[in-house]
Amino acid sequence: MYEALTLSIEGMHCGACVRRATTALQGVAGVELDSVDVGSAKMKFDPEQATPEVIAGALSRIGFAAHIKE
């Protein structure tokens with residue numbers, strides 16, 4: 001069963017940033033993206049394959065600071 005997740009993302013400025021973040025998030029097993037915009041991303045994820053922390057970590061590795069929105 002998938003759970004919804006919204007991340008606020010610091011450090012994004014343009015379409016190229018959106019593409020980089022999209023690629024990073026698509027590389028995380030169990031993630032289904034709904035939307036990625038400058039400053040945020042909305043998705044569903046399979047908690048058996050990924051955690052919000054792992055998902056946010058994929059963005060940290062490419063230089064963005066991601067925070068889980070409650």
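**Exercise 1. Decide whether Ala65 is buried, partly exposed or exposed in this predicted model, and find what lies around Ala65.**

Step 1. Ala65 has a relative accessible area of 29%, and a residue counts as buried under 20% and as exposed over 50%, with partly exposed in between. Ala65 is therefore partly exposed.

Step 2. Look next at where Ala65 sits, which is in strand E4, made of residues 65–69.

Step 3. Leaving out residues up to four places away in sequence, Ala65 touches Ser8, Ile9 and Glu10. Gly11 is 54 residues from Ala65 in sequence, yet the two C-alpha atoms are 6.8 Å apart in space.

**Exercise 2. Carry out the classification for Ser40, and list the contacts of Ser40.**

Step 1. The relative accessibility of Ser40 is 18%, and the cut-off for a buried residue is under 20%, so Ser40 counts as buried.

Step 2. Ser40 belongs to strand E3, and, when its neighbours within four places in sequence are set aside, Ser40 is in contact with Leu7, Ser8, Ile9 and Ser35.

**Exercise 3. Explain how the buried residues of helix H1 are arranged around its axis, and say what they pack against.**

Step 1. Helix H1 runs over residues 15–26, which makes twelve residues, and reaches 16 Å from its first C-alpha to its last, close to the 16 Å expected at 1.5 Å a residue.

Step 2. The buried residues of H1 are Cys17, Val18, Ala21, Thr22, Ala24 and Leu25. Because they cover an arc of only 165 degrees around the axis, they lie on the same side of H1.

Step 3. As a general rule, an α-helix has 3.6 residues a turn, so residues three or four places apart point the same way.

Step 4. On the other side of H1, Arg19, Thr23 and Gln26 are exposed, whereas the buried residues of H1 pack against strand E2 (31–37), strand E3 (40–45) and helix H2 (52–60).

**Exercise 4. Describe the protein as a whole, and test its radius of gyration against that of a compact globule.**

Step 1. The protein has two helices and four strands, and along the sequence these follow the pattern β-α-β-β-α-β.

Step 2. A compact globule with 70 residues would have a radius of gyration near 11 Å, and the protein, at 11 Å, agrees with this. Its C-alpha trace spans about 35 × 20 × 20 Å along the principal axes.

Step 3. Of the 70 residues, 40% count as buried. Among contacts between residues at least 6 apart in sequence, 64% join residues at least 24 apart.

Notes:
Residues numbered from 1 in each chain as written. Predicted model: local features only at pLDDT ≥ 70, side-chain atom pairs only at ≥ 80, totals over all residues. Heavy atoms only, no water. Expected span 1.5 Å × (residues − 1). Buried < 20%, exposed > 50% of the residue type's maximum accessible area, 1.4 Å probe, protein only. Arc of directions from axis to C-beta. Contact = heavy atoms within 4.5 Å. Rg over C-alpha atoms; globule rule 2.2 N^0.38 Å.
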